[in-house]
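Hi,

Here is the structure I said I would pass on. Have a look at it first, and my notes follow below.

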Amino acid sequence: QMIDLIHDTITTSFVFAYSAALSDIGQIYRKLVTNKSNDYTSSVEKIRKSAEKKLEELYEAFNENN
């Protein structure tokens with residue numbers, strides 16, 4: 001029953017699962033902690049355009065395969 005409960009309720013964030021394909025945006029908090037930084041906004045802005053472009057490419061790839 002415990003395995004079934006874990007299996008039925010486990011989730012992961014899309015951004016985290018596809019982080020490598022999205023300019024590592026899912027790892028932003030890890031990078032901030034590693035760099036001992038609290039400048040979230042600046043860090044996101046540095047990769048935002050790239051991540052948005054890659055998200056569009058990923059979306060198109062999903063649409064082509066479905």
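A quick definition before the notes: helices here are DSSP runs of H or I with at least four residues, and strands are runs of E with at least two, numbered from the N terminus. Please also keep in mind that this is a predicted model.

On that count, the protein has 4 helices and 0 strands. Going along the sequence, the pattern reads α-α-α-α. The fold is more spread out than a compact globule, because its radius of gyration is 16 Å, well over the 11 Å that the globule rule gives for 66 residues. If you want the dimensions, the C-alpha trace spans about 45 × 35 × 15 Å along its principal axes.

What about burial and contacts? Of the 66 residues, 17% count as buried. Taking the contacts with a separation of 6 or more, 42% are between residues 24 or more positions apart. The protein exposes about 5,700 Å², and carbon and sulfur atoms supply 55% of that area.

Which residues form a nonpolar patch on the surface? They are M2, I3, L5, I6 and I10, and together they have about 560 Å² of accessible area. One of them, M2, sits in helix α1, which covers residues 2-9. M2 counts as exposed because its relative accessibility is 55%, and the cut-off for exposed is over 50%.

That's what I have for now. Happy to go through it together.

Cheers

Conventions: Residues numbered from 1 in each chain as written. Predicted model: local features only at pLDDT ≥ 70, side-chain atom pairs only at ≥ 80, totals over all residues. Heavy atoms only, no water. Patch = residues over 30% accessible without salt bridge, like charges linked within 9 Å, V, L, I, M, F, W, Y side chains within 5 Å. Areas by Shrake-Rupley, 256 points an atom, 1.4 Å probe, with all protein chains shown as cover. Salt bridge = Lys/Arg side-chain N within 4 Å of Asp/Glu carboxyl O. Buried < 20%, exposed > 50% of the residue type's maximum accessible area, 1.4 Å probe, protein only. Rg over C-alpha atoms; globule rule 2.2 N^0.38 Å. Contact = heavy atoms within 4.5 Å.
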